[in-house]
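Here is a briefing on one structure. Have the viewer open as you read.

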Amino acid sequence: MALLRITSPHTQRAGRRTSWVMQMVILATVPGIVVQTWLFGWGTLINLMIASITALLSEAAILAIRRRAVGFFLKDYSALLTAVLLGVALPPVVPWWVTVTAVAFAIIFAKQLYGGLGNNPFNPAMVGYAIVLVSFPVPMSQWLGVQSMIPAGETLSFMQSLQAIFHQLPVIDSYTMATPLDGFKHKDLLDSQAAFSSIAALQGPSLNSWLWVNAAYLVGGLGLIWLRIITWHTPAATLGALLVMAGVFHLFDPSNTATPFFHLTTGAAMFGAFFIATDPVSSCTSNRGKLIYGAGIGILIYIIRSWGGYPDGVAFGVLLMNFAAPLIDYYTQPRTYGHKKAKTGLKIGEDN
Amino acid sequence: MRTEKPQTAKVFSFHGGIHPPENKAQSLQLPLGKPSLPSELILPLGQHIGQSSRPLVKVGDKVLKGETIAINNGFLSSFLHAPTSGTITAIEERLIAHPSGLSDLCIVLTPDGNETWTDLEPLNNWQDISKTDVLAYLSEMGIVGMGGAGFPTQVKLQGAHKNPLTHFIINAAECEPYITADDMLIREKTLELVAGIEILQHLVEAENVIIGIEDNKPTAIAALKTVLTQRNSDIQLAVVPTKYPSGGEKQLIQLLTGKEVPSGQYPADIGVLCQNVGTCVAIHDAITQGKPLISRFTTLTGDALKSPQNVEVLFGTPVAHLLEYADYESKKLSRLIMGGPMMGYTLDSAAVPIVKTSNCILAASKKELPAPAPEQACIRCGMCEQACPASLLPQQLLWFSKSQEFEKAEHHNLFDCIECGACSYVCPSSIPLVQYYRHSKSSIREAREANVKADLAKQRFEARKARQDAEAAEKEAKRLARQKATTNKATDAKKAAPAKATPTAAAAPATNDESKKLKVDIAIGKSKLKKLQKQLLEAQENEHVEEISNLQLQVTDQEKAIAALEEQLAKTPSAAPAAPAANTEKATPAPVSDELKKAKVDVALIGVKLKKLQKQLVETPDDQELKDKIAAFEADLKAAQDIVSKLSSNAQSSTNATAAEPKAVMSDELKKLKIDAAIAKAAVKKVEKALKKAEEIKAPEADAIRQQLKEAQQRADELEKALANPETAAPKAAPEKAAPTAENTDAEAAKKRKIDLAIAKAGIKKAEKNIQLLKDQGKEESEIEASEWPKKLIEAQQKLAALEAEEGAPAPVEKTAEPVANSEAKAEPEMDLATQIKKEKVAVALAKAQINKLNKRLESTPEEAESIKQEIAATEQRLQSAEALLEKLIHSQTNMQENR
Ligand code: SF4
Ligand code: SF4
């Protein structure tokens, strides 16, 4: 008998490996992708393809350079997940090189240079997003409009999308439109009411399209919670903080601010709360920590949306809170069994 | 409150937990099996936590079933009985079931197949006799906890009386997958179980008695309900939801009481006692039938067995025998686990025996328990955290373990991890988290042990260094003496004789010194041993399981060291005889000193007895008889002491007579003086303690004791004075001593001072360390104050200061005297002066540094201000004297230079 010598435990939950976790998260984005494609045309899918290929290639290249088992690590689906998250976050008709830059940067610099999966302090997808947002602001602000609102009167066909992404589409201007957040950001001196009645991006169909997108990500996110892949803490805290911030400021200054509902249903609110903020590697680990972390993101989203230079604040909010995550972790240890209170901070040698 | 139905208790919940596949059905399909007798039974002597039992039998002995074959060895130990009748064929090292595949001493029994029982003596009157007797009986029956670690039951039950017991919990949860031994036991022996619980309840008298059982055992629950209803019992039944690890002691306590066992404490500290069902049945069998613990229920399961089942198996049965019995397929077997899949450990070999704690043998196929998947990176998904029943952050602990940041890991409560494996089970990255934790824990433990050992080594090293320094000084002195002797010889023929005598005289004391040193070493070693033994006992009493083995190790080490030293000592005198042979007169003082020794032993004995009596007296202050006895003893003691003093003066005079060897005599006398002084001091301390106690209870003897104290102190003072001025004694002893010997004496004195210094320093260090230790243990300041260490520290420091002053003082005198004597050699004293000055400067600097340090400490710990201030004062004094000395030295140096 050649007997195995292994220490306990000798068994493991079947089937739930890291790759499964990543696959599930990717699957959970499907409702959102479907709605986006339906509303904005094939651009999102083409982006996803470009992003996935870029991600797998750059991951494989770096793994080869680092002399790691390429196949083993590629199969964990983490690179693919980053690609998917970036692919859906970028505007549907963004030129291909923007996507490639974003994904390659995310995989190579934000993830692999820190030591690969599990060691990256920042959310790779958001690092990539922030890089291209800062570097190429013009293509990054070109969102498509819903068909009933744009001069062209229809969504881009598959060929047109391809053309827009890989070459150039002269008629692209007749398809694009500002997002509601963009529109509201540039309302300038108009008060809210006037803005909502006059600015095109703030009209019903435009708002509704974003409502649909957000609802789809909400469904996907709830699925993840149901599968216990994420806990409710981070998304609830993020959305809750956003809601409270928007509510409070709207109460005090209804003429210059948008309603909480507007904030929760436009932009990347749901996507950010369920898919970006919950990235386990770069977020907090304890439940209390997740609450603080999520709330921080929610507050930052509102602050950047209202007073920052960009229409949406998910990327920067998440990145800023990534900085704080280790610190928050130290101060939010759970109370261990048999201890009167939780230990905090890094003070060493205290007894309790 | 008696009700018709068994009461059900409220069930709370605990954080985390997992639901692994139960796999319990397999082993419950067949009824309870009874394997045949194996060809030999292997009975490890350590089947329980604590020290191994001591065998009572020899190879070749015939034993009957149930006969005691090993008895307990200390407080935390247990008895062992022959599981069947037969012959002892060996007592040797055999492989045992242990996580690290160790061997241990085992009694090997070859059964004769008759199963002849020894006479069984049930304890039928258990309700009438004292509970202590029942506990003692349980210990003799070899009852230990059969659920986990094998904790001797009587010790656990004793511990349960620390606090009023609110809950007595019977652990029938059996949450590990695969295992059904307890389930089967409850089904088969329901009545015995309940009766056993009732006996235990009689012993511990808890407010609530609750059986905690998981809801996946409906048959057992039904059986229990029936019996409880029939007996109209007070015992409550708490059915807890199936969730691993609800059967963990801490988790079950939380489930049933809602309370948590504080970290680092025991269930008894919150008034809870847990017992395993197997233990309860064993207690029942022992008390009502007189059967010692010789068998248990064990689950044989796993895909590699064709007929998995539960068996009642005799201890010592090799696992291989059981596998055979359950038709195992050797092709399929890939992993053999003792225990369950979550917390069990793999076995290397099937030759290991079943012991009191073996609840399951899992013979798994490869498909059933595949080799672990390759470890991936932690993605911090937090699933482990959600599963951890101890509410730890396993992913953080992993991080710290991997990066060896053990302090942080400890800060994140690594030691509260119960190693349940829930985190590893759920980890999607297949990280063997528990393995990392085990490694970190053992690293931390090792580091702690190494620290202790390093401290010991340091102490030893310092003592040795001091000794070596002293030796070097002595050699140097001798060299000088010889030099002088030769010069003297040239000038004065008269002094040739003593000069010749010097080498032999020097040889004798050398061996003498060596044996003295050895003796001192032995004495130190013995006192250490005693301390260790005491600690061991304490640890046993306080059930600090972890410390025990460690301490045991140290004790053995110490014992070995002493043995080695004693051997060495035995050798030394045999080397010495040449020296005494040269001097026959030395034989005369021997009998005196023998007698003296005897007398001293008497004194010590009487003192001990006296102390015992005094202690008793403290407990029963108005026992006239005791007082009388004490008075008698005191008289005895005085008489004995008189004898001692007489004898020692005798010895002194007799040694005075042997003036031919003044030096050896001197050292002898000094030694005696020192011993006397030590005894006197010890006496002072003892009396002081007694006084304190007496004052505490306001005993009328306080005055008498105070008187005693004064006397003792006087004596100690006198002795010390005598000790301090050996020079004054020396000329008396040897008035016509030649110059070289005088020099030697000085050197001797210097050496002694140095040794004293070293000892004093070691004392200070020890005191400081102990204070630190107390602080580390989080003792209150007041407690530290109360323990005598700070006092000791100050005492020691004062002594050190005094000694240092002494050392500093005579030196310059000598040095200044020397130039007069050696007027030609001017360069040498100057150099000496220079080194002297250097030394003093260093001393000054040191003192200053210490003052600084103390001041700093004063700032950081204002609570200790009092003692620190005292220290500062002492150091300042030292500093001043050193500075004064330094000034003097520099002055004389300049003078000297000017003179030239
Ligand atoms: S379950 Fe495994 S991968 Fe997830 S956080 Fe814990 S250790 Fe990391
Ligand atoms: S093994 Fe330790 S860290 Fe892991 S779940 Fe159990 S108690 Fe928690």
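The model is predicted. Ligand 2 has 13 residues around it. In chain A, UniProt lists transmembrane regions and a modified residue, both in an unreviewed entry.

**Shell around ligand 2**
- The nearest residues are B:C388, B:C417, B:C420, B:G421 and B:C423.
- By class, the shell holds 11 nonpolar residues, 1 polar and 1 charged.

**Transmembrane annotation, chain A**
- The unreviewed UniProt entry lists "transmembrane region" for residues 20-39, 45-65, 72-90, 126-144, 209-227, 258-278, 290-308 and 314-332.
- Residues 72-90 of chain A are 79% helix and 0% strand. The end C-alpha atoms of that span lie 29 Å apart.
- Residues 209-227 of chain A are 95% helix and 0% strand. Here the end C-alpha atoms are 28 Å apart.

**A:T179**
- The unreviewed UniProt entry lists A:T179 as "modified residue: FMN phosphoryl threonine".
- A:T179 sits in the loop between α9 (158-166) and α10 (180-185) of chain A.
- Is A:T179 buried or exposed? A:T179 counts as buried because its relative accessible area is 13%, and the cut-off for buried is under 20%.
- Leaving aside residues up to four places away in sequence, A:T179 touches A:W143, A:A201 and A:W210.

Key. Residues numbered from 1 in each chain as written. Chains lettered and ligands numbered in written order. Predicted model: local features only at pLDDT ≥ 70, side-chain atom pairs only at ≥ 80, totals over all residues. Heavy atoms only, no water. Near = heavy atom within 4 Å. Nonpolar A, V, L, I, M, F, W, Y, C, P; charged D, E, K, R; others polar. UniProt positions renumbered as here; feature names shortened; annotations may be inferred. Helix = DSSP H or I, 4+ residues; strand = E, 2+ residues; numbered from the N terminus. Buried < 20%, exposed > 50% of the residue type's maximum accessible area, 1.4 Å probe, protein only. Contact = heavy atoms within 4.5 Å.
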